[in-house]
Each structure stands twice: as structure tokens, then as C-alpha cells.
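Please open the model in your viewer and keep the sequence panel beside it. The tour below goes from one selection to the next and says what is found at each stop.

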Amino acid sequence: MTATDDFPPGRPWLAMCVQAPDALASSLCRMLDRHIAERTGLVLQASVIRVHDAGSIRAFYSVSGGTAGAHWPLVEALYDGRPVRIAWWAGDEALTRLQQIKGRTQPAESSPDTIRGRFWCDNPVTNLIHVSDSEEAMAREGRILAALPAGRPPGQVVLQRPWDWARHSALPTLVRLLAPDLGADPHRLLALPRSGDAAETARRSVRALRRLAAFAPAAARLVEAYLDGEGGPLEEFIGRRRIAPWDALILRAGLHAAAAWRRRLKADGAAPEEHFQ
């Protein structure tokens with residue numbers, strides 16, 4: 001089989017998943033492939049790179065009714081003009097197994113053995129992977145993807161590992177950008193878990209942000225508002241620091257996860273200074 005023999009797939013044992021631009025930006029494709037293969041027993045058959053535009057991504061997510069959420073404009077901005085990787089997996093009940101390994105839209109609500117419960121995920125925009133809701137939806141989505149132009153993976157941005165695997169994660173991004181303003185080394189302040197566990201990443205990140213907030217009133221205002229899902233101080237920070245477009249998108253995406261993480265960390269019994277107040 002080649003990447004174009006069966007696009008969309010026409011065999012019931014073959015299922016498609018889409019690794020989003022954030023998976024490519026964080027250089028996670030091979031790690032995701034390995035996780036899927038180990039946890040599902042499926043076998044990777046082929047993969048291609050395609051590039052969405054604003055119109056195609058609206059059409060694609062309209063299949064599943066996914067364009068109505070408050071975070072939709074950020075999803076459109078994420079995909080528009082950036083590459084995605086489409087992969088076909090083979091095995092019994094392939095689509096069902098991919099759905100089970102994906103995780104929920106909110107990483108805070110995802111099981112730690114799913115993709116979105118791992119790999120440093122922390123928001124509903126840059127959550128790495130799309131899996132179709134049904135065979136019919138997969139066929140419709142596949143036709144949209146087949147019409148997209150071919151693309152190339154983005155160049156890797158090298159940071160200290162595992163930081164370069166977490167470029168899609170909002171809380172660590174805020175730590176990385178805020179810490180230098182206060183004379184702190186973000187890599188010393190926040191040791192990301194090598195396991196990629198989403199909840200542990202959030203706990204450590206919130207702890208690091210609260211430590212930074214103790215340094216200055218301006219930082220405290222930004223941190224508390226951000227953890228409460230309020231965007232005003234964040235927009236001031238983005239404008240003042242002239243934050244790069246990718247990092248600005250990730251930070252804005254994180255606002256849509258604040259309430260979910262507040263519930264999750266409270267339910268997990270985090271210390272008061274470690275969960276969202």
C-alpha cells in the first residue's frame with residue numbers, strides 16, 4: 001500500500017488519525033506512533049504531510065460539529081497554513097482503538113494512559129491528535145484531507161529536553177517566558193516530568209508560576225488572572241513583551257483550560273498553593 005492507494009481508507013480494519021501542527025512543532029510524531037502501537041497493537045501502514053488553510057480546517061471540523069466552541073478561533077489559527085501528519089493504522093477495530101487512546105478534548109479530564117493525558121498536554125486547542133467520531137465521518141474527513149496540498153514538517157526548535165517536546169503546552173510556556181523577566185532560569189524552576197504525565201506537568205507548572213508570582217506584584221497579577229482564565233493581563237504581557245505568534249497562540253489556548261485544571265487539581269488533593277484558587 002502507498003500513501004495514496006486508499007485515501008480515504010476503504011477497508012474496515014484501517015483507520016486514520018491526524019497529528020496536529022502542535023505535534024509536529026513539538027517533534028512528537030515518533031513518540032506518538034510508538035505510544036499508539038504499544039497501547040493498541042495497531043500497525044502503522046503509511047503517513048503523509050498535508051497543509052490546511054482556514055477554509056479546509058473549518059470544513060474538516062464541521063464534520064464533527066467542532067467549530068462552535070469558544071476556543072474555535074484558536075483552533076483555526078493553529079491549523080491555518082501549518083502542516084499536519086495523516087497516519088493510517090491497521091488492526092482489528094482500528095478506529096475504536098484509536099478513539100480509546102486519544103483522550104478527552106480537555107487534557108485535565110483525560111486518563112493518564114491516553115495521548116492527551118500524557119505528552120505534556122494541558123489545553124483543548126493544542127492537544128496533539130484528531131481521531132474521527134465514526135467510519136462515515138472518517139470517510140468525509142479523508143476526502144477533505146486528500147484535496148489538501150502536500151507539505152513538509154517544520155524545522156525543529158531546540159530547547160532543553162523535555163522542554164522541546166512541550167512547545168504545545170501553555171503552562172510551561174508561561175513559565176518559560178515569565179521567568180527571565182524576574183531573573184529566574186525556567187529550566188531550573190520547572191523540571192518537566194519525563195513521563196509527560198499531563199496532571200503532573202500542570203501541578204509542577206502551577207507551583208513554578210506561584211513561586212514567580214511571589215517575586216513581584218506585576219507577575220502575581222498576571223499569574224493569578226491566567227490561572228483563573230482571565231485574559232486581560234495576558235494580552236498586556238503579550239503586547240509588552242512582543243511574544244512570538246506561536247507562543248501567543250499557546251498562551252491564549254491555555255486560558256480555555258483553567259477551569260478544567262482547577263477542578264482536576266482540587267480533586268487530586270493538591271496543596272492549596274499548587275491548585276488554581
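Begin by selecting Asp247, which lies in helix 12; helices (H or I, at least four residues) and strands (E, at least two) are DSSP runs, numbered from the N terminus. The model is a predicted one, in which local features need pLDDT of at least 70 and side-chain atom pairs count only at pLDDT 80 or more, while totals for chains, interfaces and linings use all residues. Residues are numbered from 1 along each chain as its sequence is written, and side-chain values use heavy atoms, with hydrogens and water left out.

Is Asp247 buried or exposed? Asp247 is buried, with a relative accessible area of 10%, where buried means under 20% relative accessible area, exposed over 50%, and partly exposed in between (1.4 Å probe, protein chains only). Now show what surrounds this side chain: leaving aside its neighbours within four places in sequence, Asp247 is in contact with Thr173, Arg176 and Leu177, contact meaning heavy atoms within 4.5 Å.

**Second stop: helix 7**

Next select residues 170-178, which form helix 7; 9 of its 9 residues are buried, so this helix is largely enclosed by the rest of the structure.

Which elements does helix 4 pack against? Select residues 72-79 for this helix, which is mostly covered, with 6 of its 8 residues buried. The buried residues are Trp72, Leu74, Val75, Glu76, Leu78 and Tyr79, and they pack against helix 1 (21-25), helix 3 (54-62), strand 3 (83-90) and helix 12. Just after helix 4, stop at Gly81, which takes a positive phi of about 80°.

Go to Ser27, in the loop between helix 1 and helix 2 (29-40). The phi of Ser27 is near 55°, a positive value in a residue other than glycine, and Ser27 is partly exposed, with a relative accessible area of 26%. Then select Leu128, in the loop between helix 5 (94-102) and strand 4 (129-131). Leu128 is likewise a residue other than glycine with a positive phi, near 80°, and at 0% relative accessibility it counts as buried.

Leu145, in helix 6 (residues 135-146), also counts as buried, at 0% relative accessibility. A line drawn from the C-alpha atom of Leu145 to that of Gly231, 86 residues away along the chain, covers 34 Å.

How many disulfides does the structure hold? It holds 0 disulfides, a disulfide being a pair of cysteine sulfur atoms within 2.5 Å. Select Cys29, which is in no disulfide, and the nearest cysteine sulfur, that of Cys17, will be found 9.6 Å away; Cys29 is buried, with a relative accessible area of 14%. The sulfur of Cys121 is 13 Å from the closest cysteine sulfur, in Cys29, which is too far for a bond, and Cys121 is buried at a relative accessible area of 0%.

**Last stop: the whole chain**

Finally, zoom out to the whole protein, which has 13 helices and 4 strands. Its radius of gyration (taken over C-alpha atoms) is 19 Å, close to the 19 Å that the globule rule gives for 277 residues, so the protein is as compact as a globular protein of that length; the rule is 2.2 Å times the number of residues to the power 0.38. Along its principal axes the C-alpha trace spans about 60 × 35 × 35 Å. Buried residues make up 55% of the 277 residues, and residues 24 or more positions apart account for 76% of the contacts with a separation of 6 or more.
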